[in-house]
Amino acid sequence: NIITIHMAEPMVHTVIYRYDVNNTAITLVKQAKKEDRLVVIDPGHGGKEVGAVYNGVYEKNLNLDIALTVQEILESRGINTYIIREDDSYVGLYERAYIANALNASWFVSIHNNALENNSSVNGSMVFYHSASTQGKALASVILNRLTKDLGMPDRGIRVQNEYIVLQGTAMPSALVEVAFMSGDIDFTLLCTAQFRAKAAEAIANGIMDFIGR
Ligand code: ZN
């Protein structure tokens with residue numbers, strides 16, 4: 001099978017064979033300039049990678065719902081964004097970081113929800129960053145600040161996490177948001193309402209705006 005695509009402007013492309021799902025993803029990328037101030041939004045998990053599951057609710061779906069709203073809010077405020085997946089696609093962790101780097105993005109924000117087995121009393125937000133990035137730490141801090149102040153989430157702190165591929169592999173300031181605990185009795189009820197997810201998205205978008213200064 002041959003597919004030919006003609007583009008009227010300069011593009012770069014990535015070809016990634018996803019060995020674990022046996023398909024090949026070709027991504028055409030228009031590289032951002034620094035002044036484009038591109039924010040990459042990364043909805044955690046997707047496809048066969050479901051994330052945490054509680055009472056039939058999949059983390060991957062909560063993440064996507066919140067992330068799409070974050071994108072919508074940022075775009076409505078004139079911020080350039082790229083979202084790693086806009087549907088239930090599987091995207092590998094290295095691929096996520098690779099695409100963000102290929103895009104020449106300025107910031108990277110991954111959106112997840114937390115879970116703690118056999119502990120329903122822990123609720124709240126936390127945000128991870130890589131210890132090598134002081135900008136990543138600052139980004140994590142402003143996002144958590146919005147989630148706790150605007151949304152009233154219990155403050156579970158910003159934390160170093162050097163093992164996460166999307167934090168380790170991204171060349172730009174990055175943060176991984178754990179919006180709420182799917183395992184938490186209070187948080188789970190909140191996460192199941194569209195209103196909470198929309199407010200969480202607004203808090204994250206406001207945090208990003210605080211950081212990028214517009
Ligand atoms: Zn997750």
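The largest share of the lining of the largest pocket, 5 residues, is supplied by helix α2, in a predicted model for which local features require pLDDT of at least 70 and side-chain atom pairs count only at pLDDT 80 or more, whereas totals for chains, interfaces and linings use all residues. Residues are numbered from 1 along each chain as its sequence is written, and side-chain values rest on heavy atoms, with hydrogens and water left out. The volume of this pocket is about 470 Å³, a pocket being, on a 1 Å grid over the protein atoms alone, an open set of points where a 1.4 Å probe fits, with protein on both sides within 12 Å along at least five of seven lines, and lining residues having an atom within 4 Å of a point. The volume itself is the space filled by probe spheres set on the points, which are joined across faces, edges and corners. Of the 26 lining residues, Val91, Gly92, Leu93, Tyr94 and Arg96 are the closest to the centre of the pocket. Two or more lining residues come from each of β1 (12-18), α2 (93-102), β7, α4 (165-168) and β10; helices (H or I, at least four residues) and strands (E, at least two) are DSSP runs numbered from the N terminus.

The zinc ion is coordinated by His45 through NE2, Glu59 through OE and His112 through ND1, at 2.1 to 2.2 Å. Donors are N, O and S atoms within 2.8 Å of the metal (3.2 Å for Na, K and Ca), and water is not among the atoms, so sites may look incomplete. The spacing of the donor residues in sequence is H-x13-E-x52-H. Because His45 lies in the loop between β3 (39-43) and β4 (53-54) while Glu59 belongs to helix α1 (residues 59-76), this pair ties together parts that are 14 residues apart in sequence. Both His45 and Glu59 are buried, that is, under 20% relative accessible area with a 1.4 Å probe and protein chains only, as against over 50% for exposed and in between for partly exposed.

The 18 residues of α1 should span 26 Å at 1.5 Å a residue, in agreement with end C-alpha atoms 26 Å apart; the expected span is 1.5 Å times one less than the number of residues. Buried residues of α1 include Glu59, Leu62, Ile66, Val70 and Leu74, and the helix is followed by Gly78, whose phi is positive, near 80°.

In the largest nonpolar core, which has 39 residues, Val70, Leu74, Ile111, Ile143, Val179, Ile204 and Ile208 touch the most other members. Such a core is a set of buried Ala, Val, Leu, Ile, Met, Phe, Trp, Tyr and Cys residues joined through side-chain atoms within 4.5 Å. Its largest share, 10 residues, comes from α6. A second, separate core of 19 residues includes Ala32, Val91, Val166 and Phe181.

Helix α6 (residues 194-212) also holds Arg197, which is buried, with a relative accessible area of 14%. Not counting residues up to four places away in sequence, Arg197 touches Leu62, Asp65, Ile66, Leu191 and Cys192, contact meaning heavy atoms within 4.5 Å.

Met182, in the loop between β10 and α5 (185-191), is buried, with a relative accessible area of 1%. Among the residues that Met182 touches, leaving aside those up to four places away in sequence, are Tyr54, Glu59, Leu62, Asn113 and Leu191.
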